[in-house]
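Subject: Structure handover

Hello,

Please have it open beside you as you read.

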Amino acid sequence: MTTAQIESIGQHNGQTVTLQGWLYNKRKAGQLMFLIVRDGTGFIQSVVFKKEVDEATWEAAKEATQESSVIVTGVVRKDDRAPYCGYELGVQKLELLQKVPPESYPISHKEHGPDFLLENRHLWLRTPSQMATMRIRHEVMAASRDFFNQRGFINVDAPIITANAAEGTTTLFEIDYFDDKAYLSQTGQLYMEAAALALGNVYCLGPVFRAEKSKTRKHLTEFWMIEPEMTYIDLDDNLKIQEEYVAYVVQRVLQNRASELKFLERDLSKLESITAPFPRIAYDEAVTLLQSMGSEIQWGDDLGAPDETLLGEHFQKPVFVHRFPTAIKAFYMKPDPERPEVVLGADLIAPDGYGEIIGGGQRIDDYDLLVQRIEEHKLPLEAFDWYLDLRKYGSVPHGGFGLGIERLVAWLAGAPHVRESSPFPRTIYRIKP
Ligand code: 4AD
Ligand code: MG
């Protein structure tokens, strides 16, 4: 007997196969029972006809409740009307491995509120929309690694425990570290700069932490970021890599996860139009444009969520906003030599209200200027001695960027909140499950 997976059930059309999974849903109509079985790779309607099975199988099918574990053997039949996968299983045998007591499974088939679902995240993951989102996340992770690996980048991972603040001191998680204090890393960037000066083009892909008090649909306190860092590049080279990377990931997801996107009712034509190059707009122009669209933004302000949404609507594509005011950006960002009040950096804003998905730019490569900026940001110079060494020993123009994986996944999957693109999201009110 072949153990098959629902994802590739089409390869077994007409054959008898065994599926190992769980009962998702069930409907009885006289002598027939329609069981929706899931195995992690998909869902399939399995039809039990009383006359065609033995007593034990009919009883097991009757007994099986939502999320009971089941092993089902039957004949695969192509049927375009069949829900979920376009195939049906004509059941011959059903074994009930563990029976869930009736009416006890917390996530029944009625509507549930977000708090309840989050409390039951360990079970909520079993529902079709969440399974589809996790499969899209998997594709994003794999495509991200493939893109940079194929271009000769070296994967060098950054530590999670660190002595440095890098993205402002207000979002630091402090931890006791023996007789000292340390922080959970907000970014791997500073370490990637050291690695890039050793190895050339590098990237890290790992979790980072921000003690964000924000309760928006874009903020988690723990999220994953990919952070490529490149030597001997300028801002333009950097933006080119970013747009090629994002376009590549979008096309990979369209190619390999189209059924998940369709299940989530994502408008595929919108994603199909995401090709490089992406529009670029200077912060100055963005402010003028936003004001003309009714925003109250003033020069010097950061973009608010409504501003990002307006830009997304205007361009209908991810858009780079470059040369933000130096005063609102991180200490390491290189001021434009022609206009030091702005930095040689850019954010990439996703369409459909998903907001900033990338932050990046050129790093300060001059020792004295970097010392000055660390002091202006009131950061402890001694914590950055090693980082300053990079400007003492063979400094070169370099830059990179960071893309938030959950924000990208939320945009691609059309998720209402980034917490749906994290398997076990961490937010200010939630560290369980
Ligand atoms: O713009 P950020 O803060 O940039 C950095 O951390 C740089 N050091 C990256 C670099 O140049 N190597 O964060 C980068 C991205 C954002 O654009 C966003 O996608 C994501 O990380 N991000 C968050 N995602 C979820 N929850 C949060 N609280 C996030 N904060 C940032
Ligand atoms: Mg940013």
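In these notes, buried means under 20% relative accessible area, exposed means over 50%, and partly exposed is anything in between, with a 1.4 Å probe and protein chains only.

Before the details, some bookkeeping. This is a predicted model, where local features need pLDDT of at least 70, side-chain atom pairs count only at pLDDT 80 or more, and totals for chains, interfaces and linings use all residues. Residues are numbered from 1 along each chain as its sequence is written, chains are lettered from A and ligands numbered from 1 in the order in which they are written, and side-chain values use heavy atoms, with hydrogens and water left out.

The overall picture

The protein chain has 13 helices and 19 strands. Those are DSSP runs numbered from the N terminus: H or I of at least four residues for helices, E of at least two for strands. The C-alpha trace spans about 85 × 55 × 40 Å along its principal axes. Taking contact to mean heavy atoms within 4.5 Å, 67% of the contacts between residues at least 6 apart in sequence join residues at least 24 apart.

Which residues of helix H10 (residues 305–315) are buried? They are Asp 307, Glu 308, Leu 311 and Gly 312. These four cover an arc of only 140 degrees around the axis, so they sit on the same side of H10; the arc is that of the directions from the helix axis to the C-beta atoms. On the other side of H10, Pro 306 and Glu 313 are exposed. The cover over the buried residues includes helix H9 (283–292) and strands S14 (319–322), S17 (345–350) and S18 (355–362). After H10 comes Gln 316, with a positive phi near 55 degrees.

A helix pair

Helix H11 (residues 367–376) packs against helix H12 (residues 385–392) at an angle of about 155 degrees, with their axes 9 Å apart. H11 is therefore roughly antiparallel to H12. Here axes are lines fitted to C-alpha atoms, for helices over the stretch in contact, and angles run from 0 to 180 degrees between N-to-C directions; under 35 degrees counts as roughly parallel, over 145 as roughly antiparallel, 65 to 115 as roughly perpendicular and the rest as oblique. From H11, Tyr 367, Leu 370, Val 371 and Ile 374 meet Tyr 387, Leu 388, Arg 391 and Lys 392 of H12.

S8 is joined to strand S10 (residues 180–184) by 2 bridges, and Ile 161 stands opposite Leu 184 in S10.

In the loop between S8 and S9 lies Thr 171, which is buried with a relative accessible area of 11%. Leaving aside neighbours within four places in sequence, Thr 171 is in contact with Gln 186, Phe 209, Arg 210, Ala 211 and Glu 212.

Arg 430 belongs to the segment after helix H13 (405–413) and counts as buried at 16% relative accessibility. Not counting residues up to four places away in sequence, Arg 430 touches Asp 115, Leu 118, Glu 119 and Pro 425.

Best wishes

Methods
Pairing = 2+ DSSP bridges.
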